[in-house]
Amino acid sequence: MARIDLDHIRHAYMANPSRDEDYALREVHHSWDDGGAYALLGPSGCGKTTLLNIISGLLTPSEGKILFDGNDVTGLQPEERNIAQVFQFPVVYDTMTVADNLAFPLRNRGMAEAEVQARVAEVLEMIDLVDIAGRKARGLTADLKQKISLGRGLVRADVNAILFDEPLTVIDPHMKWQLRSQLKLLHRRFGHTMVYVTHDQTEALTFADKVVVMYGGEIVQIGTPQELFERPSHTFVGYFIGSPGMNVLPVALDGARAQLGQQTIALPGAASLPDGKRTELGIRPEFVQLGTTGMPVSVRMVEDIGRHKIVRAMIEGHELAIVLDEDLSVPADPHVTFDPAGINIYADDWRVKLGG
Amino acid sequence: MLELDKVSKISNGETHINDVSLRLESGSLNVLLGPTLSGKTSLMRIMAGLDRPTHGRVLSDGKDVTGLAVQKRNVAMVYQQFINYPAMTVYENIASPLRISGADKATIEREVDRAAELLRLAPYLQRTPLNLSGGQQQRTALARAIVKKAGLVLLDEPLANLDYKLREELRAELPKIFSESGAIFVYATTEPSEALLLGGDTATLSEGRITQFGPTVDVFRDPVNLVTAQTFSDPPMNLLPMEKKQGNFVKQGVKDIPVPASLSHLADGPCTLGFRSHNLSPIAGPGTTPLSAEVMVTEITGSESYVHLIHEDQRWVMLTKGIHDIDAGEIMDVHLDTAHLLVFDRDGRTVRAQQSGA
């Protein structure tokens with residue numbers, strides 16, 4: 001297990017990059033805790049795979065250094081970094097049994113056979129493959145093969161880090177629940193440093209202690225799921241996390257008040273900003289209360305998605321999404337109020353701290 | 001209208017589709033929901049005319065088209081694995097069905113631009129597909145299906161390889177785009193949440209059979225049997241095998257659960273209670289019954305927590321608002337909201353509520 005330091009890392013796939021836009025990965029400078037579970041989350045092209053490949057050693061960054069527990073590994077090949085990797089698609093040896101597949105990385109490193117057996121038995125138990133331990137991998141479903149890949153990623157106790165690249169893509173939804181909770185449990189038990197790349201917010205939020213949200217080659221926020229939900233530091237985080245994402249409404253600010261068209265909204269604190277910034281108010285659909293008092297809205301559509309409803313409304317000419325409980329309905333003369341605890345203010349897309 | 005009449009598909013002695021009858025109206029959105037290998041793709045291939053059914057007939061607007069090849073039908077298909085012409089630009093890829101049908105230049109430009117705008121491909125029109133990300137390649141394939149204006153549009157897990165947010169947006173937009181055209185729209189997915197977001201009608205599939213077909217939310221709320229309930233549940237449906245004994249569901253070690261009045265006609269004997277993750281709560285409320293369970297692990301999404309539980313040999317998931325980080329191994333009382341209970345008889349059929357009065 002190791003702490004991972006990303007020291008002023010930048011990467012460009014083109015030769016002689018000059019502008020920021022030339023970099024697939026712009027300045028990344030962070031330290032990740034030993035034993036932490038990190039998810040790299042973002043849309044395609046955000047740089048998350050580039051960053052993962054720099055950590056694994058598949059890619060050498062154009063600039064900067066990467067350190068494991070203070071040791072510079074920037075120039076080391078993946079096999080010299082003592083890491084385990086699990087990929088999007090299963091990588092298993094078809095002619096080997098399930099147990100031998102798991103034992104492979106251990107035998108490769110010359111571990112004593114008794115120890116190999118003990119370790120394999122433990123992993124088989126964890127990933128619930130005891131019943132088919134003696135079967136050849138050939139002919140197993142993609143689900144099961146991917147479970148073997150996950151097991152192989154977890155079998156070595158002494159790795160610096162385990163890297164996962166969208167490991168649940170080929171897994172059916174029901175099995176995802178099981179595998180995700182097992183991974184989380186394993187992390188709790190063994191405390192590996194884990195880095196998990198995904199574009200699926202549910203996977204990222206439920207797996208990780210810290211979610212690293214990437215956008216346009218930059219890390220825009222590192223935070224706990226709760227922080228990302230309650231205090232998105234960038235409008236992109238508000239939009240990308242949550243389903244539907246945060247409502248972002250253009251407002252004019254006046255101390256502790258925000259003006260949205262004809263409506264005045266009291267803020268939890270005053271914003272002091274230099275002139276010329278584009279200012280917006282962010283409020284998640286979960287923090288909008290639909291009722292008969294407050295600001296008038298017109299309801300365009302109600303989507304019933306089972307355990308709750310999503311109300312698509314208009315407020316002062318802007319779209320507003322509202323989450324409504326399963327057993328509630330839209331009042332005849334709909335109005336909304338914003339829960340002050342759920343209000344965030346943004347200037348040029350970055351969150352502004354509100355004063356007392 | 002497209003009609004499947006008692007269609008089966010058997011190959012190499014294996015039954016892939018088992019006696020499926022289905023009527024899809026023009027302008028309708030139909031979701032095929034089921035796990036991998038439940039028959040979604042096989043069914044679509046029969047609808048498209050790529051495969052001939054072993055038994056049964058396929059009717060298009062009342063006309064038997066069972067043996068008619070795909071080229072002779074007005075069908076557009078998009079697969080999970082994106083397929084484009086690698087040597088053509090994105091623009092030409094999207095335009096290709098229009099060129100084949102001999103559309104004029106102005107029409108081609110207008111339609112390609114509209115589709116490109118919708119799928120956010122406008123900046124990439126002059127690139128070739130291999131210089132695009134996976135998501136952009138799939139959007140190109142979708143754009144081509146849109147401009148084709150086919151009478152039957154088959155989408156086989158088309159968003160599975162796309163970014164989650166893009167999926168959310170496309171899910172909202174795709175039905176609108178296709179419904180304008182009056183086409184029959186069939187969308188296969190493994191994900192219950194995707195079916196709910198798409199709306200329309202849903203057919204749940206299990207082992208080559210359609211277990212239920214109806215308005216999506218109705219199938220979700222009132223599944224006719226346990227298999228449908230399980231297929232249409234994410235997180236998985238929580239189950240509790242019990243025995244009905246007069247006015248209560250009883251089980252050793254579990255507090256009696258009163259049988260709802262609407263289900264009093266159910267005969268005494270073994271049955272299974274089914275309930276969804278959001279019908280369990282860490283807090284007691286009116287009409288709840290406490291159940292003891294061991295916490296395995298908790299997942300926090302930011303606004304909600306999924307608590308994975310073990311009750312005897314059953315795995316359950318509880319979805320609760322707010323942040324609850326409960327230690328693994330803890331034994332806790334979880335409270336079941338009995339108002340939304342599903343009850344399945346010993347054959348796995350849902351016990352229907354009896355209407356009082358009328």
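Two strands pair if DSSP finds at least two bridges between them; helices (H or I, at least four residues) and strands (E, at least two) are DSSP runs, numbered from the N terminus. This is a predicted model, in which local features need pLDDT of at least 70 and side-chain atom pairs count only at pLDDT 80 or more, while totals for chains, interfaces and linings use all residues. Residues are numbered from 1 along each chain as its sequence is written, and side-chain values use heavy atoms, with hydrogens and water left out.

**Exercise 1.** Find the residue that stands opposite Leu291(B), and describe the sheet around it.

Solution.
- Step 1. Strand E16 (residues 288-300) and strand E19 (residues 331-337) of chain B pair in the antiparallel sense over seven bridges.
- Step 2. In E19(B), Val334(B) is the residue opposite Leu291(B).
- Step 3. The open sheet has five strands in the order E15-E19-E16-E17-E18 (chain B), with antiparallel pairing.
- Step 4. E15 (280-281) and E18 (314-321) of chain B are at the edges with a single partner strand each, so one side of each has no neighbour in the sheet.
- Step 5. Helix H5 (residues 173-190) of chain A lies across E16, E17 (304-311) and E18 of chain B, at about 65° to E16(B). Axes here are lines fitted to C-alpha atoms, for helices over the stretch in contact, and angles run from 0 to 180 degrees between N-to-C directions.

**Exercise 2.** Determine whether Thr206(A) is buried or exposed, and list its contacts.

Solution.
- Step 1. Thr206(A) belongs to helix H6 (residues 201-207) of chain A.
- Step 2. Its relative accessible area is 0%, so Thr206(A) is buried (under 20% relative accessible area; exposed is over 50%, partly exposed in between, with a 1.4 Å probe and protein chains only).
- Step 3. Beyond neighbours within four places in sequence, Thr206(A) is in contact (heavy atoms within 4.5 Å) with Arg180(A), Lys184(A), Glu299(B), Ile300(B), Thr301(B) and Tyr306(B).

**Exercise 3.** Locate Val211(A) and state which nonpolar core it belongs to.

Solution.
- Step 1. Val211(A) sits in strand E9 (residues 210-215) of chain A.
- Step 2. Val211(A) counts as buried because its relative accessibility is 0%.
- Step 3. Val211(A) is among the residues with the most contacts inside the largest nonpolar core, which has 48 residues. Such a core is a set of buried Ala, Val, Leu, Ile, Met, Phe, Trp, Tyr and Cys residues joined through side-chain atoms within 4.5 Å.
- Step 4. A second, separate core of 44 residues includes Ile94(B) and Phe232(B).

Definitions and conventions. Chains lettered and ligands numbered in written order.
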